[in-house]
Structures are given as C-alpha cells and as structure tokens.
Amino acid sequence: MANTRPKADVVIVGLGWAGSVMAEELTRAGLNVLAIERGAWRDTSTDFPPAVDPDELRWHTRRKLLQPMSVETTTFRNRSGQTAAPVRNWSAYQFGWNVGGAGTHWAGMSWRFTPWDFEVASQTADRYGASRLAGLRDDGLLLQDWGVTYQEMEADYDRFERIAGTSGKAGYLNGEKVPGGNVFEGMRKREYPTPPLKDTHWMSIYRETTQSMGYNPFTIPAGNISQAYVNPLGVTMGPCTYCGFCDFHGCGNFSKSSPQACVLPALMRRPNFTVLTETEVLHAVKHEDGKTVTGVNCVTRDGETFFQPADIVCITAYQMDNVRLMLLSQIGEQYDPATMRGTIGRNYNYQTCASVSGFFSGAKMNPFIGGGALGVQIDDFNGDNFDHSDLDFIGGAGIMGYSTNGRPIQNMNGLRPGHKRWGSDWKQAYARDYQEAANIFVQGTSMPTRGAYLSLDPNYKDRHGQPLLSLTFDWNENDRKMAAWTTQKATQTMQEAGGEAISSDNQAAESWNPYKQHSSHTIAGLEMGADPTTSALNPYLQSWDCHNVFSVGASAFPNNGGYNPTLTVGALAIRAARAIHQTYVNNPGPLVEA
Amino acid sequence: MSAIQHIAFRITAGVVVLALIGGGGWAWKTLNTSRSAVADDQVTLAEFTTDDEDAIARGNYIMRLGDCAACHTRDAGEFAGGYQVGTPFGTLVSSNITPDPDTGIGTMTERDFFNAMRHGQGSKGMLYPAMPYTDYAKLTDQDMHDLWAYMSTLTPISHNVDEDAGMSFPFNIRLAMAGWNALFFDNSGFTPDDTQSPQWNRGAYIVEGPGHCSACHTPRNALGGEIASRHMQGAVVDGWFAPEITSNPHVGLGDTPTEDVARYLKTGSDGVAFAAGPMAEAVEDSTQYMTQDDLLAVAQYLKSLPGSPAVAPAPIPASDTAMQAAAQSYEVNCSACHGLSGEGIKALAPGFAGNHALLSENATNPIRAVLVGARAAHSHMLPTGAGMPSFAWKMDDQDIADVLNYIRNSWGNAAEPIGAAQVSEARATLGARDKIIWSEAPSR
C-alpha cells in the first residue's frame with residue numbers, strides 16, 4: 001500500500017475494555033503500542049458530564065453512543081437454508097463507537113464466571129457421567145472446555161477488578177464461605193476493591209423474600225462503584241450517585257468502570273502509547289509464510305488508506321467484528337456446519353434471558369434511584385450450582401431483583417395488563433405503575449450448537465465493499481428447557497414477594513430475532529480451547545493459525561455463563577497481554593504446539 | 001491567549017513608552033554582565049561535552065525548576081521552540097534552544113548563555129521580557145554551570161525560528177528593551193537573608209529565581225512592571241486569576257499547612273483545591289519534579305510573605321432567598337462530584353469547604369470554570385486529570401452568580417457576592433454560549 005506508517009511493536013484493533021487493558025499491560029512492559037479505533041475520542045467531562053448523561057432520549061432511545069448501522073450492520077437468519085437479511089434497526093447488537101468501546105455504554109454488571117462455565121464438558125461428564133455428555137453432544141450441543149480453568153483465571157479476574165474498582169461482597173474467600181456474599185462463586189483470594197452498593201426498596205423486598213425461601217441472596221458485583229477509589233494505575237474514580245442512567249449512557253461522575261474512568265488517563269500519558277481515532281482496520285495482512293501477519297490495512301474517516309506494520313496484532317474489537325476481521329484476513333478456516341470443519345465462526349451462542357414483572361399496590365419503589373448493576377441475586381439455580389440429575393437440561397440462570405433504572409421513556413410500557421398504551425388511561429396507569437412495578441431478571445447460560453455460527457454474507461457488503469458478517473442462530477432445546485424451568489422459579493419468587501398481575505417474558509419461548517432481546521450478550525466465533533480442531537484460539541488467546549495474532553472479546557468464550565461477559569473479557573485481556581510480554585516477545589512462535 | 005502571552009502583551013505595552021525614554025534613561029547597571037565572567041567564553045554549546053553525570057542531572061533539575069519546556073517545547077520537538085506569543089504589536093516566537101549550530105543556540109558559548117539567561121542579552125540582541133530573565137537573574141553560578149551541562153546533552157533539532165519577524169515597528173527593535181530594563185530589571189543575583197533559616201532562603205531562591213512565580217502571581221503596573229508592594233498578592237492573567245500565595249489566611253496560604261502547599265505542587269492537589277489552567281501546566285511540567293525538601297522550602301517561604309489586607313466578610317446568610325434556591329441548584333448540578341457538603345472527592349474533584357483559592361474577591365476562576373469548564377492537573381502521583389464540564393448551556397448569568405455565591409458562603413466559607421453582570425462579562429469574554437432557551441411546546 002502506498003502509505004505505510006512507522007512499524008509498531010503491537011497494534012491494538014479497537015480500544016474498548018480489552019484493547020485498553022491490553023495496551024496498559026503491554027506499554028507498562030515497555031512495548032511500543034499503537035491502538036486503532038474506528039470511533040471518535042469521547043471524554044467524560046466533554047461528552048457526557050452529569051448534566052448531559054441523563055439525556056434518555058439522546059442516549060437510550062436514540063442510542064447516540066452506538067455505532068450507526070449505516071457504518072456496518074450484520075445479516076441474520078435462524079437456520080441454514082434461509083436467506084439472511086440485514087439488520088436495519090437498533091437491535092441486540094450494541095457496537096461501541098468511540099474510544100472506550102462498549103465499555104463506555106455498558107451497564108456495569110461485573111461478574112466472574114463460575115468454575116463450571118470454563119469446563120462444561122469435563123465437569124458434566126464428571127458429575128453426570130460420560131454418557132450424559134455424549135447424549136448432549138448427540139443432541140447437537142458443542143460442549144467443550146476453555147483450555148483454562150477458573151483457578152488459572154483468578155489472578156486475572158482480580159487484576160481487572162482492581163483496575164475497575166468493582167463493588168461487591170465476597171462469598172467464597174480463601175476457602176471460607178461468607179454469608180451475605182455469593183456462596184456459589186469461585187474462590188477468590190481477596191475481597192472486592194469497594195463495598196457493595198446499598199439496597200433499594202425493591203432489593204430489600206427481594207432479599208427478604210429469597211432468604212425466607214431458603215435461597216442465598218447477595219448484592220450483585222457492580223461497576224457502578226460504591227465509594228471513591230484509586231486504582232492500581234493511580235486513577236481516581238468517584239462514588240456512584242444512583243442516578244440510574246448507565247447502560248447506553250456514559251457516566252458523568254467518573255463512577256462507572258470504563259476505559260475512560262479507569263485506564264485511559266494513565267495510558268494516554270505513556271510516551272510508548274499512541275491511538276489513532278476515527279480510523280478503521282479493514283483486515284490484517286498475512287505474511288507470505290502464512291504463519292504470521294505483517295500488519296493491518298486501514299482507512300481513515302476521510303477515506304485515505306494506509307498500511308500499519310506491526311510485530312503483533314491484537315484484535316480487540318466488538319465480538320462480531322473480531323470474527324469478521326479474522327475471516328476478512330483469511331486467518332484460519334471458516335466453520336462449516338455440514339462438515340464440522342473449520343473453527344472461525346463456530347460455537348456461536350447468546351444469552352438465554354427471561355423476565356418476570358409484578359406490581360405492588362401502594363408501594364413507592366422510587367425507581368429513579370438506580371444503578372446499571374444495582375440488584376440482589378440468587379445463584380442457587382445458576383450454572384451447575386444445583387443437581388441436574390433428574391433435569392432434562394444442563395446450565396441455569398442467575399435470578400435477580402433489580403433496580404437498574406427509572407428511565408421515564410423506557411418504562412412507559414411497564415404497566416399492569418389491561419391498560420391502553422395512550423390517552424388518559426395510560427397516563428393515570430403510568431403515574432401509578434411507575435412506582436409500583438418491580439422486575440426480576442433471569443439471565444441464563446447458553447450452549448453452542450452445531451447449526452449456530454457466524455460467516456461472511458454472500459450478498460451484502462459494507463461501505464468499503466467488504467462482506468458483512470452473517471449470523472445463523474436460534475435457541476436450542478437445552479437452553480429452552482433451562483429457561484422455562486428457571487423462569488418458573490422466578491415467577492414463584494415474585495408470587496412469594498406479593499407481586500400482583502404477574503407476567504413473564506421467556507425469550508427462548510419463541511424463535512430468536514435481533515429486535516426482541518433483553519440482552520446484548522453475543523458470544524463466540526473465535527472460541528478458545530486446547531484443541532485446534534475445535535477452537536480458533538489457544539488458551540492464551542493466540543491464533544492457532546497465525547502466531548502473532550491474538551484476539552480478545554466475548555468472541556473467545558466457547559459457551560456463555562449465566563452472567564454478563566465484561567469481567568471475563570477484561571480478565572482474558574490481561575491473560576493474553578501477560579502471555580505476550582512475559583513469553584511471546586522473548587521467543588515469538590506458537591505458545592502451545594498444535 | 002495564554003498566560004505567558006498575556007504577560008508578554010502587558011510588558012510590550014510598557015515598551016511603547018519606554019522605547020521613547022529608553023534612549024535618554026540609559027542605565028548601565030542593568031546592562032552590566034560582569035558577574036557572568038565566571039563562564040567560559042571559548043567553547044560553543046555544539047562543541048561542549050561533559051561526562052559529569054551529576055552536573056547534568058542537577059542541570060536537568062534546574063531546567064524543571066525554570067520550566068523551560070513550557071515555552072520552548074512545541075510541535076517541532078523538545079526545546080526546538082516555535083511557541084507563538086501573540087500580542088497586539090505582532091507575534092513573538094519562542095526560540096530553538098537545542099544545540100543545533102544553525103537554528104538553535106549551538107554557537108553560543110557558556111558566557112553567551114549566561115548573558116541571555118541572567119541579563120536578557122541574547123545572540124540576536126536584547127531579549128523580550130516574555131523570557132523571565134528578570135527572575136533567572138537570581139540563578140547562582142553553580143546552577144548556571146549545571147544547566148549549561150544539561151543543555152549540551154539535548155538532541156540538536158534543526159528548526160529555524162525568526163523570533164521577532166512578526167513584530168511590527170518599533171517593537172522589532174530589541175534595543176528598546178534596554179529602557180524597560182532600566183526601570184524594572186534588577187540585574188543583581190540572589191542575596192540570602194541571614195536572619196532567616198537556610199530552608200527559608202532555599203525557598204526564596206526557588207520562588208524568586210528559577211520558579212519565576214511572581215510572573216503570574218504579582219500584579220503589574222500600566223507599563224508591565226511588577227508592583228513590589230503587592231508581591232504575590234494575586235493577579236489576573238489571561239482570563240485566569242493567579243491567586244494570592246502569601247501569608248494571608250483568608251485568600252492566601254496562611255491557613256494552609258506547609259505540607260499541603262507542598263502536596264499541591266507535587267501532585268496538583270492539596271486534597272481540597274486542584275491546579276487548573278496555567279497552574280496545571282506548571283505542575284505538570286515543573287513543580288511535580290521538585291524534591292520534597294524544596295517543595296517544603298517553597299511553601300515555607302510563600303507562607304512568610306506579607307499578605308494583602310483582605311479579610312473574610314460577613315457571609316451571606318443561609319436564610320437568604322437566593323441562597324436557599326441556590327442550595328437546590330447546587331444539589332442538582334454540583335453535588336455529584338463536589339459533595340452535598342462541599343467536601344469534593346479526594347484526588348478527583350475539588351472540595352469547596354475551606355478552599356481559600358475560591359474565596360478571593362476576584363472570582364474569575366470559579367466563574368470561568370462554570371462557564372467553559374476546566375481540567376485538573378495530572379501528575380505522576382495523581383494521573384486522573386478529571387474535567388469540569390461547562391454549564392453555560394444550562395445556567396444563565398444569575399443562576400451562575402447565585403450558585404457561586406452559595407458555594408463561596410456555605411460550610412464556613414465567606415466571600416464577596418458575585419453579580420450577574422460579572423458572569424455576563426465573562427461569558428462574552430470567554431465566548432461561552434448562552435443558556436439554551438427551551439421553546440414552548442406547540443399547543444394543539
């Protein structure tokens with residue numbers, strides 16, 4: 001390419017959570033790092049200060065922090081044989097569109113996955129027998145371990161929590177179960193950096209109800225932090241004000257964990273770090289040896305193209321784009337569901353979600369007191385925390401009473417059944433039900449299947465003439481059964497709490513489509529694992545096919561836990577970055593022999 | 001216009017008059033460079049080399065104390081000059097001070113360097129007092145030798161600067177500065193005060209010499225000379241108020257512990273106030289590099305300086321109607337970061353209770369912060385550098401005056417009332433937008 005920039009040690013493609021955490025780790029180790037970000041620079045006090053960030057119409061309704069679909073969208077179909085059509089309206093996909101990526105507009109739920117989530121195949125066989133595992137596989141589930149265990153991830157989780165300032169209460173600390181924390185969590189070596197958030201009225205009701213039912217409620221871990229905090233990079237965060245404008249919004253008072261609030265102030269001052277904003281990576285360029293890449297081809301906002309050489313390329317964009325960039329760069333082989341060959345695009349799965357709503361006559365829930373990760377949860381029915389011997393599914397869901405927001409536009413439809421959605425009847429009902437409504441969220445595991453995958457679309461292209469990414473996906477039977485069963489548990493809880501006019505919305509009850517989802521957790525396609533025939537990345541997030549390409553994102557999860565993905569993405573980013581600067585740079589080559 | 005530009009403007013205004021009287025009022029005293037005869041006059045900077053690593057390290061420290069990079073490092077590279085100082089009489093450009101022989105100061109000998117730094121006599125003629133040789137005159141011979149050693153280690157950068165090409169006649173005549181010097185330049189070196197402690201004297205040396213604090217913190221007369229009787233008692237510089245930094249307990253440092261003054265200079269915050277604007281640059285480029293001993297010495301000296309007569313007025317009572325309304329406005333607009341009781345967030349956002357920098361009669365800084373925002377200093381110890389957003393779009397002049405009066409008169413604070421007219425004037429000067437007027441919803 002005519003324009004070639006000076007070579008960097010490492011190019012970071014996408015400066016969201018994964019990219020900024022990796023850049024922090026790698027620049028601290030002395031490497032010269034260049035990040036390339038498609039979106040613009042966005043800054044707390046300039047772009048979403050406290051007087052601007054509660055603008056629900058701008059941020060939540062009109063999604064002004066998200067990448068517009070005119071820039072890039074995806075196509076979708078439920079199963080092979082159908083023709084995928086482009087997604088043309090706001091949907092489940094929430095691509096970031098600025099420095100900070102989706103880490104700027106996320107809600108803040110800061111979960112570690114359970115030990116079981118990393119080892120669904122081997123632990124299912126251990127607990128329920130090899131024949132149970134074989135049966136699930138015969139049903140089409142692609143069950144496989146991650147090639148890394150929770151215990152191996154603990155230090156990386158810990159590091160990310162310290163950077164993010166996560167608020168919570170440990171439930172399993174150095175071998176001791178701690179009442180009040182999540183007693184089902186994997187063992188942690190130290191307490192959360194900051195204490196848990198306080199209960200709202202609904203959280204107190206939910207906590208008392210689930211306690212009385214014999215469950216183990218706890219305050220969920222939050223990236224909307226409970227008190228001022230100085231992280232290991234020396235960056236200071238402020239306390240959450242419970243404003244409740246978190247997901248889809250930036251945080252005005254430096255209290256939501258984000259690259260802006262936690263990493264960039266330190267990173268931007270390092271002389272060995274550079275970021276190019278409003279610049280898009282088109283694809284990586286393979287070396288003629290086929291085993292490495294030489295750099296990335298890029299295009300600026302103004303349409304100028306250039307080549308950026310680098311010794312190492314880290315693909316840390318949105319999950320969908322990570323997969324797409326690998327396919328556009330022809331790194332690895334596209335997964336084919338007919339032959340089961342290829343690994344890129346394999347294992348696609350989502351987040352199996354349901355919700356239950358109820359109403360409490362005369363209550364004042366005051367939902368305007370909120371936080372993106374403000375809730376009380378029980379994990380008694382999540383993952384493999386309960387016996388599945390007599391159940392016809394594996395996996396489970398976290399069941400959460402939440403107070404995430406009181407956004408006036410969003411909640412206009414949250415009325416008791418039987419009311420009009422317009423006119424004076426609606427107004428009266430909304431004035432009442434805004435205060436009386438309460439909700440339970442059921443956030444379930446998802447297992448990959450043979451027929452769900454990502455590929456390049458044969459028909460539709462983006463503004464640069466490159467094929468869009470295409471998704472083929474529908475809920476599988478295992479996850480549908482799991483969702484129905486856990487939704488029933490949530491409904492019982494709402495009944496026990498005294499809710500009236502209870503209704504539930506089990507999203508797995510109907511075919512998946514991108515416009516109906518409660519979740520944005522889109523998973524896999526570049527799954528990590530110990531077996532190169534069933535994974536795109538090795539356990540250090542290194543491409544099996546080009547050893548100087550690493551990729552981090554939810555794209556690397558082979559299956560989804562019953563939790564939000566961010567903390568696991570951040571921990572994997574630290575794991576990959578440590579592997580690069582501790583091992584790879586000293587002896588470039590595959591970190592694991594295929 | 002930056003703070004430096006503003007000072008340059010005022011000094012240059014003074015030169016108009018002095019160019020006329022300078023010819024007659026010749027004062028040899030200000031042109032006498034004989035005390036710099038201790039410097040070598042043979043070897044040029046480009047030729048000079050030394051393996052005295054200690055001297056180079058000490059010289060690096062002098063560079064930090066003097067904050068050379070603030071003016072001499074811009075896009076062309078470290079110390080390669082090119083910083084444009086705009087004045088109504090033309091544009092001054094900071095010089096290339098790398099050892100490049102053609103475009104930098106590579107042909108200067110150590111004596112030439114001393115003459116420029118301490119006496120304002122450069123290789124191209126008299127220096128303009130935008131270069132604070134008036135303060136650098138206090139630098140000791142040893143510090144000058146060390147600085148020379150450090151300068152020799154800089155990477156030569158070829159970057160041609162014509163410093164005064166943008167100055168119009170007669171201001172492009174450098175000799176005119178001789179007249180200004182005759183009135184305002186004390187060409188003598190630093191003289192310790194034997195009645196004071198060594199620490200106090202060290203503080204005095206840094207503050208009045210390399211630190212050139214008075215360049216911003218001392219008000220100037222109509223001719224651009226510092227007013228000696230109001231030394232360090234606060235001055236407006238380019239839309240910022242460089243506050244009083246004397247023993248005055250109400251608006252100065254009298255009530256701030258020495259350790260806190262040192263912490264402010266080291267980190268950008270004393271735990272309550274934060275450096276912003278030109279002082280943020282001073283912290284980032286200069287004071288954060290100072291040793292703890294030097295910082296404490298600086299604090300001790302500043303706290304010993306005679307203060308202005310400013311005393312706390314009777315506070316506006318909390319029962320005042322406007323104060324009560326402003327309390328609500330404060331809670332809605334300010335409390336998320338500054339706290340319900342003005343306590344701020346340590347290491348992130350300023351506290352207001354007991355924040356003396358906020359209480360000066362001159363309310364330029366708080367008005368400015370609300371209108372156009374501000375950014376806190378970042379330092380190695382406090383890297384956050386959080387920002388204050390603009391509220392110009394959300395609050396009118398009276399709203400801003402009211403909430404600032406509330407902040408300046410609550411939690412034990414007391415300060416002169418601010419009027420809407422002051423805010424209005426600042427809004428115009430700063431080019432801040434007007435409050436958005438929400439149009440009435442169409443009736444149907």
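## A sheet in chain A

Strand S3 (residues 74-77) of chain A is joined to S4(A) by two bridges, and the two strands run antiparallel. Thr75(A) has Pro86(A) in S4(A) as its bridge partner. Helices (H or I, at least four residues) and strands (E, at least two) are DSSP runs, numbered from the N terminus; strands pair if DSSP finds at least two bridges between them.

This is a predicted model, in which local features need pLDDT of at least 70 and side-chain atom pairs count only at pLDDT 80 or more, while totals for chains, interfaces and linings use all residues. Residues are numbered from 1 along each chain as its sequence is written, and chains are lettered from A and ligands numbered from 1 in the order in which they are written.

The open sheet has four strands in the order S4-S3-S20-S19 (chain A), with mixed pairing. Strand S4 (85-86) and strand S19 (453-461) of chain A are the edge strands, each pairing on one side only. Helix H11 (residues 319-328) of chain A packs on the sheet and touches S3, S19 and strand S20 (467-472) of chain A. Contact between two residues means that their C-beta atoms, placed from the backbone, lie within 7 Å.

## Helix pairs

Axes are lines fitted to C-alpha atoms, for helices over the stretch in contact, and angles run from 0 to 180 degrees between N-to-C directions.

| Helix pair | Axes | Angle |
|---|---|---|
| H3(B) (residues 53-66) and H7(B) (residues 141-151) | within 7 Å | roughly 100° |
| H8(A) (residues 150-164) and H14(A) (residues 566-582) | 8 Å apart | about 110° |

H8(A) and H14(A) are therefore roughly perpendicular to each other, a term for angles of 65 to 115 degrees. Their contact includes Met153(A) and Phe160(A) of H8(A), and Leu567(A) and Ile574(A) of H14(A). By class, the contact of H8(A) with H14(A) has seven nonpolar, one polar and three charged residues. Here Ala, Val, Leu, Ile, Met, Phe, Trp, Tyr, Cys and Pro count as nonpolar, Asp, Glu, Lys and Arg as charged, and the others, Gly among them, as polar.

H3(B) and H7(B) are also roughly perpendicular to each other. Among the residues in their contact are Ile56(B) of H3(B) and Trp148(B) of H7(B).

## Where the chains meet

In chain A, 20 residues are in contact with 21 residues of chain B. Helix H2 (44-47) and helix H10 (259-267) of chain A each supply at least two residues of the side that touches chain B. H2(A) gives the largest share, three residues. That side of chain A divides into nine nonpolar, nine polar and two charged residues.

Notes: Angles under 35 degrees count as roughly parallel, over 145 as roughly antiparallel, 65 to 115 as roughly perpendicular and the rest as oblique.
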